[in-house]
Amino acid sequence: MDSSWKGIPAVLVVLAGLAASGSSYQIIEGPKNATVLKGSEARFNCTVSQGWRLIMWSLNGTVVLSITPTEPIITNDRFTSASYEEGGNSISEMIIHDVQLGDAGIIKCSLQNSDRDASAFLSVQVMGELLIPRGNLVVTEDESCNVTCHALGWIPLPNISWEIGVLVSQSSHYSGPEPNNLQSAVSVLTLTPQGNGTLTCVANMKELLAHKSVTVNLTVVQPSMGSIDKPGTSLPTWVIVLLAVSLSLLLILIIILIIIFCCCCVSGKEKKESSYQSQIRNSASVKTKKETSEINLKGGSENNAYSLDEPRTAKLASLPPESSESSALEQHRNRQPHQGRDHQWPGPVGRPQVSFIMTSPRTVRNVTLV
């Protein structure tokens, strides 16, 4: 029993020694944040004091690598280690090969039998494709044109710039995300070239000294005569002046033709009205002549001072002279028995005259027969 009690103090002394030795080492400097490209390597260093027994590396809470003073304990071939000595301290380096997007997260370095640890953050970026769809370009001299550059599948989106290796009169560019793809960017370069050369589109990764570029050749040709018919093309000054003068002359000619047309229309209308009036006058003259002829055909002479008042009087006046003469002769015969046989009707021998009186309620007309 005494021997058993004597062994207990010895165990306590050993445990105290281990505790003392374990508490004597610590993490002097932990890993630092890193940003790497997908597919490359990521390295993290953890500096600890002498006397350490076990260093553990974890990614997002999962231990991926353990290191002892003699050898590392590797559980995944993508995670390896390297050890260095510096100033009496030990440096443990964890290397992540072929970094993937899923490796982004918290990297932690910790010691066994210690509540102390140090952590860092791993960022992973993706370099996508960079292209100019049309490739080598042929453009017209002094004619504005657009060149488009696409950055596809980049995380995060890169900064796009242009290197212009041609003589230009003016240039500008705009860059931004693709409307239908947030992991792609587009840059449009607008320039007015004056000579042959090259255009280079450069995409720079954010937080990394990495970039990608694509270059195309730009060939400048002289403008053709048919190019003036294309929309959006600029015309030479002499062509613009010639067109302006031609349009002005054409407008003046149109105005002159309109004036001449209006004058012709007015003149034709006046001639038509004059012809119409002449026809009316001719009709009136013909009618007058016809009436005069009808009057002349009558055997008697009418009193010009007589005016027609009623249709009845007009009808009586239009009776033929023969009827009036017959009536007068008949009255003369009726009067002869009251006169002597040798009595003659007074009047000139060569021009016998008979007076015929027609009684009307309103007018009296004298008719002289010749």
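1. Lys108 has a relative accessibility of 32%, which places this residue in the partly exposed class. The model is a predicted one. Lys108 forms a salt bridge with Asp117, and the closest N and O atoms of the two are 3.8 Å apart. Asp117 is likewise partly exposed, at 43% relative accessible area.

2. The count of salt bridges comes to five. One of them joins Lys32 to Glu29, with 3.8 Å between the closest N and O atoms. Lys32 counts as exposed, at 59% relative accessibility, while Glu29 counts as partly exposed, at 40%.

3. Arg43 and Glu41 also meet through their side chains in a salt bridge, 3.4 Å from N to O. Arg43 is partly exposed, with 45% relative accessible area, and Glu41 is partly exposed, with 41%. These two residues belong to a network of salt bridges that links Glu41, Arg43 and Glu93.

4. On the disulfides: the whole structure contains two. In one, the sulfur atoms of Cys46 and Cys109 are 2.2 Å apart. This pair connects distant parts of the chain, since Cys46 sits in strand 3 (residues 42-48) and Cys109 in strand 9 (residues 105-111), 63 residues apart. The link of Cys46 and Cys109 is left-handed, with -80° about the S-S bond. Cys46 is buried at 0% relative accessible area, and Cys109 is buried at 0% as well.

5. Cys149 is joined to Cys201 by a disulfide, S to S 2.1 Å. Here too distant parts of the chain are linked: Cys149 is in strand 13 (residues 145-152) and Cys201 in strand 17 (residues 197-204), 52 residues apart. The torsion about the S-S bond is about -90°, so the disulfide of Cys149 and Cys201 is left-handed. Cys149 counts as buried, at 0% relative accessibility; Cys201 counts as buried, also at 0%.

6. Counting bonded cysteines along the chain, the disulfides follow the pattern 1-2, 3-4. Cys263 is in no disulfide, and the nearest cysteine sulfur, that of Cys264, is 6.9 Å away. Cys262 is partly exposed, at 41% relative accessibility.

7. A nonpolar patch on the surface has about 1,100 Å² of accessible area together, and its members include Val241, Val245, Leu247 and Ile260. Val245 lies in helix 2 (residues 237-297) and is partly exposed, with a relative accessible area of 43%.

Note on methods
Residues numbered from 1 in each chain as written. Predicted model: local features only at pLDDT ≥ 70, side-chain atom pairs only at ≥ 80, totals over all residues. Heavy atoms only, no water. Salt bridge = Lys/Arg side-chain N within 4 Å of Asp/Glu carboxyl O. Buried < 20%, exposed > 50% of the residue type's maximum accessible area, 1.4 Å probe, protein only. Patch = residues over 30% accessible without salt bridge, like charges linked within 9 Å, V, L, I, M, F, W, Y side chains within 5 Å. Areas by Shrake-Rupley, 256 points an atom, 1.4 Å probe, with all protein chains shown as cover. Helix = DSSP H or I, 4+ residues; strand = E, 2+ residues; numbered from the N terminus. Disulfide = S-S within 2.5 Å.
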